[in-house]
Every structure is written in C-alpha cells, then in structure tokens.
Amino acid sequence: MQSRQLWDIFCTVIDNHGDLGVCWRLTRQLRDAGQRVRLWVDDASALAWMAPTAHQEPGIEVRPWADASQASTLQTLPPADVWVEAFGCEIPEAFMAHFVECAVTTRAQQPTWINLEYLSAEDWVPRMHGLPSPIMSGPTKGWTKKFFYPGFTEGTGGLLRETDLLARQQSFDRAAWRQQHSPHLAPGGLLISLFCYEPAALPQLLAELVGTPHHLLVTPGRPLAAVQQALQGMTEQPNWSALPFTDQNGFDDMLWACDLNFVRGEDSLVRALLAGQPFIWHIYPQDDNAHHAKLEAFLDWIQAPDSLRKAHRVWNGMEAGEWPALGSTALGDLTVCVQAARQRLFQATDLVSQLRLLVV
Ligand code: TRH
C-alpha cells in the first residue's frame with residue numbers, strides 16, 4: 001500500500017442526501033488516513049449543513065463537476081493515483097481524455113479505477129466485489145475498472161467507519177443532548193428520531209404515540225413534510241418537535257441519544273448500526289421492487305426476530321396490516337439484535353482500509 005496518494009472521487013446527486021453523504025464520508029476518511037482527495041460533485045449545496053467546513057478542510061478539494069470538462073482547469077491538475085466513480089455516475093469524457101493523454105505522454109500506468117456501488121446484503125455481493133470491468137470504447141479503451149461493493153460480510157468491501165468513532169461515542173454527553181432536545185420528556189418516555197421517506201405506516205406510528213410519554217424528533221425535509229401531512233388527519237397529536245439539519249457528526253449524536261431511530265437509504269442505516277441503538281430501516285424504494293429482496297437479505301444478515309421482520313415489512317409497505325406496537329419486549333429484541341450486529345461490524349475491516357488494499 002502506498003502512503004500518500006491522490007484520489008479523484010466523482011459524485012452526482014440523484015436525489016436525497018445519500019450520494020453526497022457517502023462520498024463526503026469517504027472523502028473525509030481517506031484524508032484522515034493521510035490521502036489527498038479531490039471531490040467532484042455536480043450539486044454541493046447540501047454540504048452547507050452536512051459538512052459546513054468542507055471547503056476549508058486541509059487535504060481536500062471540493063470541485064464543481066463542470067470544471068472536470070474545462071481544458072484550462074485540467075491542465076493545472078496533477079494526475080490522480082485513483083479514480084472513484086460513485087454509484088454509477090460517469091466521469092466526464094474530457095477528463096478521461098486529458099488524463100489518458102498524460103499517461104501516454106509520461107508512459108504512466110492508468111490510475112486504479114474504482115466503480116463504487118450501492119450497499120446490499122444480498123448473497124451475490126461477495127461474488128461481484130472486486131471483479132474487473134475492461135473498458136471497450138471511448139478515450140479509456142483498454143483500461144480497466146474494478147467493481148467495489150460495500151457490504152456486511154467477509155468478501156465484500158465492508159462499511160465506512162471512522163477510526164475515532166468509538167472514542168467519539170464514548171465521550172458523547174447523551175444526557176445533555178436529551179435534555180436540550182426534549183427537556184420535558186416524562187419518566188418512562190422514549191426519545192425517538194424519525195428520518196424516513198413517506199412510509200405507509202406513518203399515521204399508525206403517530207397514532208400509537210398519542211397519549212404516551214414518548215417524544216418524536218422529526219428531521220427536516222421529507223420526514224417533516226410526511227409528518228405534517230399525516231397529522232392533518234388526526235384529532236389528537238403525539239409529543240413531537242422538528243429538528244434542524246445538522247452536520248454528519250450531529251446526526252450521529254442524534255442516533256446515539258435516542259432510544260429508537262427510524263433511518264432510511266444507505267448511510268443513515270450504517271450509522272444506526274454503528275450507533276447500536278434500536279432502529280427501523282426505511283429502504284430506498286425502487287420501481288421494480290428490487291428493494292424487497294434487498295430488505296429481506298438485510299433482515300437475514302441481522303438475524304431479525306419475527307417481530308422485527310414484521311415491523312420492517314409494514315413500515316416499508318411490503319405487507320399490509322397493523323403496525324406492530326413497539327413495546328418493551330419488541331424494543332428489547334431489537335436492542336439485542338442490533339448490538340450483536342454492531343459487534344460484528346466493529347470486528348470487520350472498514351471500507352477505506354479495504355479500498356486502499358485494492359489500489360496498486
Ligand atoms: O437521503 P437518503 O435517503 O439517501 C438515499 C440513499 O443513499 C439511497 O441509497 C440512494 O439511492 C438515494 O439517496 C439517492 O438517506 P441516507 O443514505 O441515509 O443519506 C442521508 C445523509 O444525510 C447521511 O449522510 C446523513 C446526512 N444527514 C445529516 O448529516 N444531517 C441531517 O440533519 C440529516 C437529516 C441527514
């Protein structure tokens with residue numbers, strides 16, 4: 001493994017926050033591992049809250065996507081050792097053509113080229129992870145990319161995990177956070193965070209909370225809009241309040257502080273697992289329902305008891321019926337299962353270490 005390499009990471013924001021969330025986390029962790037990173041992104045606006053210091057971080061350059069096609073910019077750039085194209089985005093052709101020419105002129109090798117894929121617990125992932133993909137046309141014809149699949153098991157690319165995560169969690173003042181965000185939480189009341197899309201069972205969850213001492217903290221954007229919409233049809237309201245957007249560390253604080261977290265997509269799922277608190281996952285819905293198999297594979301990996309499977313299927317609209325009440329037995333089961341999964345993850349090699357092993 002070479003010491004200080006230069007990485008180009010390419011990120012296009014399709015929708016939501018996960019594309020940039022994962023790419024920023026990767027960028028930061030590579031830098032913390034002593035690497036230099038250029039992050040090319042077509043819409044960096046969410047960094048304003050997710051990572052407010054992104055543009056001033058040493059070892060990191062956040063660059064507008066359009067600049068990767070500008071000859072005047074390209075001429076000023078040293079060639080990178082590694083290219084990472086995240087989630088199937090395509091590196092601009094002018095960028096590739098420029099650095100192919102540089103490599104020919106200097107008789108250099110191609111950069112290690114990584115195609116970073118979405119996270120899945122499905123059993124085909126270890127078979128696909130690391131496979132080469134020769135380029136058959138275009139300026140990089142003859143070069144090769146490697147598929148990189150994050151994952152939960154051995155033989156996959158692992159998960160993003162900071163080296164200082166445990167220390168940060170151990171020094172976190174949970175009581176102070178809870179006092180600040182829910183000063184009137186009654187004894188026996190649960191603090192619950194909500195980060196989701198528009199789950200079919202949201203009205204049922206809100207109805208379940210009415211009349212209880214629990215307090216629901218709703219994250220901004222789609223979750224807040226979904227809650228406001230669902231509340232319109234209710235005569236009585238649960239205890240709830242809206243949270244502002246925070247940076248990624250602040251998002252971890254929320255997951256560590258709450259007794260139950262509703263998370264979604266990809267990055268917040270991983271964070272909820274690493275936090276070790278009970279959680280329910282709203283998987284990113286796909287048109288062809290490919291997410292159903294993905295969710296089942298995850299429930300298998302986490303060794304979910306029946307109560308947890310049912311809760312996930314109803315929350316994700318895969319099964320009609322009653323939203324299962326999240327009483328103390330269900331929460332206890334959930335805690336045991338999440339804690340065991342967390343322990344497995346902390347023993348595994350993290351994604352950045354695995355990625356660096358692939359770099360020649
Ligand atoms: O926003 P998401 O639904 O992103 C999704 C998924 O990644 C999905 O796989 C992908 O296909 C789709 O986007 C396009 O959920 P996710 O992945 O959890 O990303 C949210 C990010 O936002 C995560 O990095 C945490 C961060 N975040 C904060 O930092 N602060 C906040 O206040 C909030 C609400 C989120």
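Reply: Here is a walk through the cavities, then the pocket.

First, a word on the model: it is predicted, so local features need pLDDT of at least 70 and side-chain atom pairs count only at pLDDT 80 or more, while totals for chains, interfaces and linings use all residues. Residues are numbered from 1 along each chain as its sequence is written, and side-chain values use heavy atoms, with hydrogens and water left out.

The structure has two cavities of 30 Å³ or more. A cavity here is a set of points, on a 1 Å grid over the protein atoms alone, where a 1.4 Å probe fits but cannot get out; a lining residue has an atom within 4 Å of a point. Points are joined across faces, edges and corners, and a volume is the space filled by probe spheres set on them.

The largest cavity holds about 120 Å³ of space. It has 14 lining residues, and Val22, Pro150, Leu160, Glu266 and Leu351 are the closest to its centre. Helix 1 (18-32) and helix 11 (267-275) are the elements that give two or more residues to this lining; helices (H or I, at least four residues) are DSSP runs, numbered from the N terminus. By class, the lining has ten nonpolar, one polar and three charged residues. Nonpolar means Ala, Val, Leu, Ile, Met, Phe, Trp, Tyr, Cys and Pro, charged means Asp, Glu, Lys and Arg, and the others, Gly among them, count as polar. Since domain 1 (6-157) and domain 2 (165-347) both give residues to the lining, the largest cavity lies between them. Those domain bounds come from an automatic or database domain assignment.

The second largest cavity has about 40 Å³ of space. Its lining is Ile280, Ser307, Leu308, Ala311, Leu326, Ala330 and Leu334. Helix 13 (306-315) and helix 14 (328-347) each give two or more of these residues, with helix 13 giving the most, at three. No charged residue is found in this lining, which has six nonpolar and one polar.

Now for the largest pocket, with about 840 Å³ of space. A pocket is an open set of points with protein on both sides within 12 Å along at least five of seven lines. This one is lined by 45 residues, and Gly18, Arg264, Gly265, Glu266 and Asp267 lie nearest its centre. Elements giving two or more residues include helix 1, helix 7 (174-181) and helix 11. The class count is 21 nonpolar, 13 polar and eleven charged. Domain 1 and domain 2 each supply at least three residues to the pocket lining.
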